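Trainee: I have a model open and would like to go through it with you. Can we start with the sheet?

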Amino acid sequence: MKAWILLACLPFVASAHKLQFDQPLPPVSVSDRGELVLEQEEIKPRTWGVSELRGKVRVIQHIAGRGSAKELNAPLIEAIKSADLPRDRYQTVTIINVDDAAFGTASFVRSSAEGSKQEFPWSTIVLDEQGRVAQQWQLQPKNSAIIVLDQEGLVRFAKEGSLTPQEIEQVLTLVRQTLEQ
């Protein structure tokens, strides 16, 4: 009964995405640009895949390569920055769907992502040039999705679109509780 109540409270039902509670993310890898890695002040791309997401509690922000999509969940990202979560057990992952950038803006999207990597080198930033993650996870275009994974890489929360203030608090509480396990 308690599990049913918990599931009923989580925002999974309204979305068309392919993400399932208490299951790993659908497998996908990004080799076209991929993860931005900072090596001696220089940004280098490397292949990134879902298989790398075990071992830490993670909040994944998947966003279309548009300023409007980035702003949808900016309040959550600011709250995470303020929460001072332990970097040895927590990580934010930002996956940017460059294929869903406004016409003519892809180079600006890439440049902005590289600047963010310089500013937050402990975060994972992935440039998905072909939109493979959005396709595999069946995410809506021109949007933002927030996903919380536990240390085993299992989905604990997933929602497309803007989070309400209550959902932001729910995500932060869930991350803190999962870190304590």
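Trainee: What is the order of the strands in the open sheet?

Mentor: The order is S2-S1-S5-S4-S3-S6-S7, with mixed pairing. Strands here are DSSP runs of E with at least two residues, helices are runs of H or I with at least four, and both are numbered from the N terminus. Two strands pair if DSSP finds at least two bridges between them. This is a predicted model, in which local features need pLDDT of at least 70 and side-chain atom pairs count only at pLDDT 80 or more, while totals for chains, interfaces and linings use all residues. Residues are numbered from 1 along each chain as its sequence is written, and side-chain values use heavy atoms, with hydrogens and water left out.

Trainee: Which strands stand at the edges?

Mentor: S2 (42-49) and S7 (155-160) do; each has a single partner strand, so one side of each is left without a neighbour in the sheet.

Trainee: How many bridges join S1 to S2?

Mentor: Seven, and the two strands run antiparallel. Leu36 has Pro45 in S2 as its bridge partner. The hairpin of S1 and S2 has two residues between the strands, and Gln40 takes a positive phi there, near 50°.

Trainee: And what about S3 and S6, in which sense do they pair?

Mentor: Antiparallel, over six bridges, with S3 at residues 57-64 and S6 at 144-149. Gln61 stands opposite Ile146 in S6.

Trainee: Switching to helices. Which strands does H3 lie across?

Mentor: H3 (residues 74-83) lies across S3, S4 (90-97) and S6, and runs at about 150° to S3. Axes are lines fitted to C-alpha atoms, for helices over the stretch in contact, and angles run from 0 to 180 degrees between N-to-C directions. Contact means heavy atoms within 4.5 Å.

Trainee: Which residues of H6 are buried?

Mentor: Glu167, Ile168, Val171, Leu172, Leu174, Val175, Thr178 and Leu179. Buried means under 20% relative accessible area, exposed over 50% and partly exposed in between, with a 1.4 Å probe and protein chains only. Seen down the axis of H6, the buried residues fall within an arc of 160°, so they line one face of the helix. That arc is taken from the directions from the helix axis to the C-beta atoms.

Trainee: What do those buried residues pack against?

Mentor: S3, H3, S4, S6 and S7. The face of H6 turned away from the buried side carries exposed Pro165, Gln166 and Glu180.

Trainee: Last one: where does pLDDT stay under 50?

Mentor: Over residues 1-14. pLDDT is the predictor's confidence in each residue, from 0 to 100. The protein's mean is 89, and 91% of its residues reach 70 or more. Where pLDDT is low, the predicted coordinates should not be read in detail.
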